[in-house]
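Subject: Structure handover and findings

Hello,

Here is the structure you asked for. My notes follow below it.

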Amino acid sequence: DYPNAFPRIVDAGYLKSMGIPLHKGRQFTAQDVAGMENVLIINEVAAKLIWPNEDAVGKIAVGWGGRDCKVVGVVGNVRHGALDEQAGPEMYYPMAQCPDFSAVELVVRTRQQVEALVPAVRSLLREIDPTLPLTDYRSLEQLVDQAVSPRRFVVLLLGGFSFLALLLASLGIYGVLSYSVTQRTQEIGIRMAIGAQRSTVLKLIMGDGVKLALIGVASGLIAAFVLTRLMSSLLFGIGTTDPVTFAFNAVLLFGVALLACYLPAWRATRIHPMVALRQE
C-alpha cells in the first residue's frame, strides 16, 4: 500500500499555458532533456499525500519506468476528470525525458478567437511534419460546457421551477397579508374616528405585518438550510448554504411582505372614517 499519482507528460510551456500556478520550486526548462537528471513536478494533493509535513521540492520519487526522479516543483491542483470531482494526486514529467508515447495534444494560449487562430496553427504544424494528423480544435470553454451540459439542463429546470415557486410564494404572501389588513378596515376606521393619526395607524398595521413576515422568512431559511443539502451534487463553485443566495431570497420575500402590508394599509387610511365604519 504505497502512495501513487497519475502521470502526465508535458513540455516546458504546458503549465504556464494552462494557467496552472507554481507554488514551490521551478517550472520545466529546456535543460530537462534525456541524459540529464530525471525530474518531475507534482501537484499539491500529491505533495501532501507523500510528504505531508515536509517540503516536497528536492525529494526523490519513483517515476516513469521505475526511474528515480527529483521533484523540482509543486503546482496547483486541476480537475482533469470532471468539475464535480476532487483533484487527485498527479505528477508531470518533461516530454524530452519520456520518449515512449504515441500521441500528444497541443495546447495554445491566445487572446485571439479560436477560429482565427486555427489556420495559423495548422500551417505551423505542417512545416514541422506534413504527415501529422490534425484533429478538430476546441476551446477550453467548449470542453467545460460539454462536461457540465447534462447537469446544466437539470439546474436550469430546477431554476425555472424555483422561480415559479418564488413567484407563487410572493403572490401568496401579498394575498394573505392584504386580506388580513382589509379585514381590519373597521378597526382602522374606529381608531381614526377617535383621533388616531394616519401615520400611527399605518405604523401599527405595518408592525404586525413585519412580525408575521419575520416569522415566515426565518422558518423558510431554516427549512432551506436543511433541504438544500440534497442539491449538493448539482452545485459547483458554490456551497449549499451560500449566504448571498439566502440573503437575496430572504430580502425579496421580506420586501414582498412589506409591500403587501403597506398598500392595503395605505388605502385603508385614505378612506373616510365613517365609510370605513360602514364596511362589513
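Ile 50 sits in helix α2. Helices here are DSSP runs of H or I with at least four residues, strands are runs of E with at least two, and both are numbered from the N terminus. Ile 50 is partly exposed, at 27% relative accessible area. On that scale, buried means under 20%, exposed means over 50%, and partly exposed lies in between, using a 1.4 Å probe and protein chains only. From Ile 50 to Arg 122 is 72 residues in sequence and 41 Å in space, C-alpha to C-alpha.

Before the rest, some ground rules. This is a predicted model: local features need pLDDT of at least 70, side-chain atom pairs count only at pLDDT 80 or more, and totals for chains, interfaces and linings use all residues. Residues are numbered from 1 along each chain as its sequence is written, and side-chain values use heavy atoms, with hydrogens and water left out.

Is Ala 46 buried or exposed? Ala 46 is buried, because its relative accessible area is 0%. Leaving out residues up to four places away in sequence, Ala 46 touches Ala 5, Trp 51, Pro 89 and Glu 90. Contact here means heavy atoms within 4.5 Å. Thr 110 is 64 residues from Ala 46 in sequence, and their C-alpha atoms are 30 Å apart.

Gly 58 is in the loop between α2 (44-50) and β4 (60-62). Its relative accessible area is 39%, so Gly 58 is partly exposed. Gly 58 and Gly 25 are 33 residues apart in sequence, with 8.6 Å between their C-alpha atoms.

**Cysteines**

How many disulfides are there? The count is 0. A disulfide is a covalent bond between the sulfur atoms of two cysteines. The rule used here asks for a pair of cysteine sulfur atoms within 2.5 Å. For Cys 69, the closest cysteine sulfur is in Cys 98, at 7.2 Å, so the two are too far apart for a bond. Cys 69 is buried, with 1% relative accessible area. Cys 98 is buried too, at 0%.

**Helix packing**

Now the helix pairs. Axes are lines fitted to C-alpha atoms, for helices over the stretch in contact, and angles run from 0 to 180 degrees between N-to-C directions. Angles under 35 degrees count as roughly parallel, over 145 as roughly antiparallel, 65 to 115 as roughly perpendicular and the rest as oblique. A crossing is right-handed if the near helix is turned clockwise from the far one by less than a right angle, and left-handed if anticlockwise. For residue classes, Ala, Val, Leu, Ile, Met, Phe, Trp, Tyr, Cys and Pro count as nonpolar, Asp, Glu, Lys and Arg as charged, and the others, Gly among them, as polar.

*α4 with α7.* Helix α4 (residues 140-182) packs against α7 at about 30 degrees, with the axes 8 Å apart. The two are therefore roughly parallel. Their crossing is right-handed. On the α4 side, the contact includes Leu 166, Ile 173 and Tyr 174. On the α7 side, Leu 252, Val 256 and Pro 264 are among the partners. By class, this contact has 16 nonpolar, 3 polar and 1 charged residues.

*α6 with α7.* The axes of α6 (residues 198-227) and α7 (residues 243-269) come within 9 Å and cross at roughly 155 degrees. So α6 and α7 are roughly antiparallel. This crossing is right-handed. Its residues divide into 21 nonpolar, 2 polar and 1 charged.

*α5 with α6.* Helix α5 (residues 185-193) and α6 have axes that come within 10 Å and cross at roughly 145 degrees. This crossing is right-handed. Glu 187, Ile 188, Arg 191 and Met 192 of α5 meet Arg 198, Val 201, Leu 204 and Ile 205 of α6. The classes are 5 nonpolar, no polar and 3 charged.

One more residue in α6: Lys 211. Lys 211 counts as exposed because its relative accessibility is 55%. Lys 211 and Arg 67 are 144 residues apart in sequence and 71 Å apart in space, C-alpha to C-alpha.

Best wishes
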